[in-house]
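These are my notebook entries on one structure, kept in the order in which I looked things up. The sequence and the model come first, and my notes follow.

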Amino acid sequence: VYVVPKVAGAIEGEGLKIHRVQGKAEPQDLDGISGGRHLWWHEGMQPGDALTVAFRAPKAGKYQVMGRFVSARDYGIHQLAINGKKAGEPIDFYNPSVKPTQERNLGTFELRQGDNELSTTVVGANEKAVKSYMFGLDYLLLKPVE
């Protein structure tokens with residue numbers, strides 16, 4: 001049996017618990033990404049809508065949070081935040097074809113042991129994009145900062 005490789009230490013997007021969502025968020029199979037699945041947020045989204053998921057940190061402390069996402073022609077521009085704190089500038093997930101993004105550094109955050117929140121809010125769409133504002137999370141990676 002072939003098992004799709006996963007990125008070592010990754011917190012897989014499709015396994016995260018959804019706290020709040022407008023529209024629909026569910027796992028979707030996709031070739032070329034960690035574990036072969038991602039968390040796909042789609043259906044009826046508008047600018048201002050948000051998705052919030054829980055991810056777990058092994059212990060309280062400072063972590064550099066890395067993320068890999070999915071980009072496509074109907075994906076939006078999103079503002080990410082961790083525990084309510086903005087993770088950099090809004091990210092444009094438009095791409096003419098469906099493909100994973102490079103791993104991105106979302107910043108350094110003080111995390112709690114156990115549940116923490118990642119939220120993404122639709123801020124708009126690339127002028128070339130189909131205005132569906134979709135979002136895909138492949139995985140998060142937490143790197144302890146000394």
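**Entry on Pro100**

I looked up Pro100 and found it partly exposed, with a relative accessible area of 25%; on this scale buried means under 20% relative accessible area, exposed over 50%, and partly exposed in between, with a 1.4 Å probe and protein chains only. The model is a predicted one, in which local features need pLDDT of at least 70, side-chain atom pairs count only at pLDDT 80 or more, and totals for chains, interfaces and linings use all residues. I also note that residues are numbered from 1 along each chain as its sequence is written, and that side-chain values use heavy atoms, with hydrogens and water left out.

Pro100 has its place in strand E10, where strands (E, at least two residues) and helices (H or I, at least four) are DSSP runs numbered from the N terminus. Which residues is Pro100 in contact with, leaving aside its neighbours within four places in sequence? I listed Gly32, Ile33, Arg68, Phe69 and Val70, taking contact to mean heavy atoms within 4.5 Å. I then took the C-alpha distance from Pro100 to Asp31, which comes to 9.4 Å across a sequence separation of 69 residues.

**Entry on the aromatic rings**

A search of the whole structure gives three aromatic pairs, where rings of Phe, Tyr and Trp (its six-membered ring) pair if their centres lie within 6.5 Å, and planes under 30 degrees apart count as stacked, over 60 as edge-to-face and the rest as tilted. In one of them, Phe69 and Phe135 are tilted, with 5.8 Å from centre to centre and 50° between the planes. This pair links distant parts of the chain, Phe69 being in strand E6 (residues 61–71) and Phe135 in strand E13, 66 residues apart.

I turned next to Phe93 and Phe135, whose ring centres are 5.6 Å apart and whose planes stand at 80°, so the pair is edge-to-face. Phe93 lies in the loop between strand E9 (91–92) and strand E10 (99–100) while Phe135 is in strand E13, so this pair ties together parts that are 42 residues apart in sequence.

**Entry on positive phi values**

I checked backbone angles and noted Asn83, a residue other than glycine with a positive phi, near 50°. Asn83 is placed in the loop between strand E7 (77–82) and strand E8 (85–86), and is partly exposed at a relative accessible area of 25%. Tyr133, also not a glycine, has a positive phi near 60°; I found Tyr133 in the loop between strand E12 (114–124) and strand E13 (135–144), where its 12% relative accessibility makes it count as buried.

**Entry on two glycines in loops**

Gly44 is in the loop between strand E4 (37–42) and strand E5 (50–57) and is exposed, with a relative accessible area of 70%. I took its C-alpha distance to Glu117, 73 residues apart along the chain, and found 23 Å. Gly15, in the loop between strand E1 (11–12) and strand E2 (17–21), counts as exposed at 64% relative accessibility, and its C-alpha atom is separated by 7.9 Å from that of Pro27, 12 residues apart along the chain.

**Entry on the whole chain**

What does the secondary structure of the protein chain come to? I counted zero helices and 13 strands. Buried residues make up 49% of the 146 residues, and among contacts between residues at least 6 apart in sequence, 75% join residues at least 24 apart. Along its principal axes the C-alpha trace spans about 40 × 40 × 25 Å.
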